[in-house]
Amino acid sequence: MSTVIQCRDVIKTYDDKKALNGLTLDIPEQSIVGVLGPNGCGKSTFFRSLVGLVQPDSGVLEILNQKPNWRNNADIAYLPDRARWYPNHTVRRAFDWAESFLPHFIREQAEKLADFMELDLDLKARGMSKGQEARLMLILCMARDVPVVILDEPFSGIDVLSREQIIEGIIDYLHEREQTILISTHEIHEIEGLFDFTVLMDKGKAIWTGRTEALRAEYGSMHQVFRSLYKRGLEL
């Protein structure tokens, strides 16, 4: 299987701390990838590097067979921390904006996901809960017909009901597309069934990468692997 992301000894330092410390991994195309690890392990820096928001100090990093740059960003949908909208902007207006500015945005798909996730198109930003705002941001990503989708903690701070709707939306969506989707999350027990490839990170390194079924076969559920692995000091 071809790879969509290649990292070789990637290092990124902030002040005296190495956010990425020799990160080395390959991610296969058309896979759903769980990027897991404790806070501060380098997940967000890795994702931001993939879309060119962070420049590594050294090493080789390629996505879609290119160094991250503005040209291949048109082929990547990236969900960072929540955006901020004008108070009077509605979900419908957000979709208007996306049609104008986001390459390969499919309005019909966005409206279908909004209906599935129970997000009113006339809801204004000033009236959105955190969960509704998270659903909107996810829809703007997942309604794009691009090879790579990157979701950085899409469930952070979101209530249980909204998480369920978001996860159901992702599952429903995956039946229709062939993409590589990277998801970092702490809600492993709720979404681990989606992952067919896993990256475990700590201290800026990938300590394990491979097919999720192989990890489960040897160590049990992903949730249990995560808890036991990091509790006993990352000895895999």
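Residues are numbered from 1 along each chain as its sequence is written, and side-chain values use heavy atoms, with hydrogens and water left out. Because the model is predicted, local features need pLDDT of at least 70 and side-chain atom pairs count only at pLDDT 80 or more, while totals for chains, interfaces and linings use all residues.

Helices (DSSP runs of H or I, at least four residues) and strands (runs of E, at least two) are numbered from the N terminus. Helix α1, residues 43–50, is mostly covered, with six of its eight residues buried, where buried means under 20% relative accessible area, exposed over 50% and partly exposed in between, for a 1.4 Å probe and protein chains only. Among the buried residues of α1 are Phe46, Phe47 and Leu50, and the helix is followed by Gly52, whose phi is positive, near 80°.

Helix α2 (residues 91–101) packs with α4 at an angle of about 25°, their axes 11 Å apart; axes are lines fitted to C-alpha atoms, for helices over the stretch in contact, and angles run from 0 to 180 degrees between N-to-C directions. The two helices, α2 and α4, are therefore roughly parallel to each other, a label for angles under 35 degrees. In this pairing, Val91, Ala94, Phe95, Trp97 and Ala98 of α2 meet Leu136, Ile139 and Leu140 of α4, contact being heavy atoms within 4.5 Å.

A salt bridge is a side-chain nitrogen of Lys or Arg within 4 Å of a carboxyl oxygen of Asp or Glu, and by this rule the count comes to six. The table lists some of them.

| Pair | Closest N to O distance |
|---|---|
| Lys12 and Asp57 | 3.7 Å |

Lys12 lies in strand β1 (residues 3–14) and Asp57 in the loop between α1 and β4 (58–63), 45 residues apart. Lys12 is buried, at 14% relative accessible area, whereas Asp57 is partly exposed, at 46%. Asp96, Glu99, Arg107 and Glu111 are linked in a network of salt bridges; in this network Arg107 is buried, with a relative accessible area of 17%.

Arg144, in the loop between α4 (130–142) and β6 (148–152), is buried yet has no salt bridge, and Asp75, the nearest side chain of opposite charge, is 6.8 Å away. Not counting residues up to four places away in sequence, Arg144 touches several residues, including Leu102, Phe105 and Tyr173.

Conventions:
Lys and Arg count as positive and Asp and Glu as negative; His and the chain ends are not counted. Angles under 35 degrees count as roughly parallel, over 145 as roughly antiparallel, 65 to 115 as roughly perpendicular and the rest as oblique.
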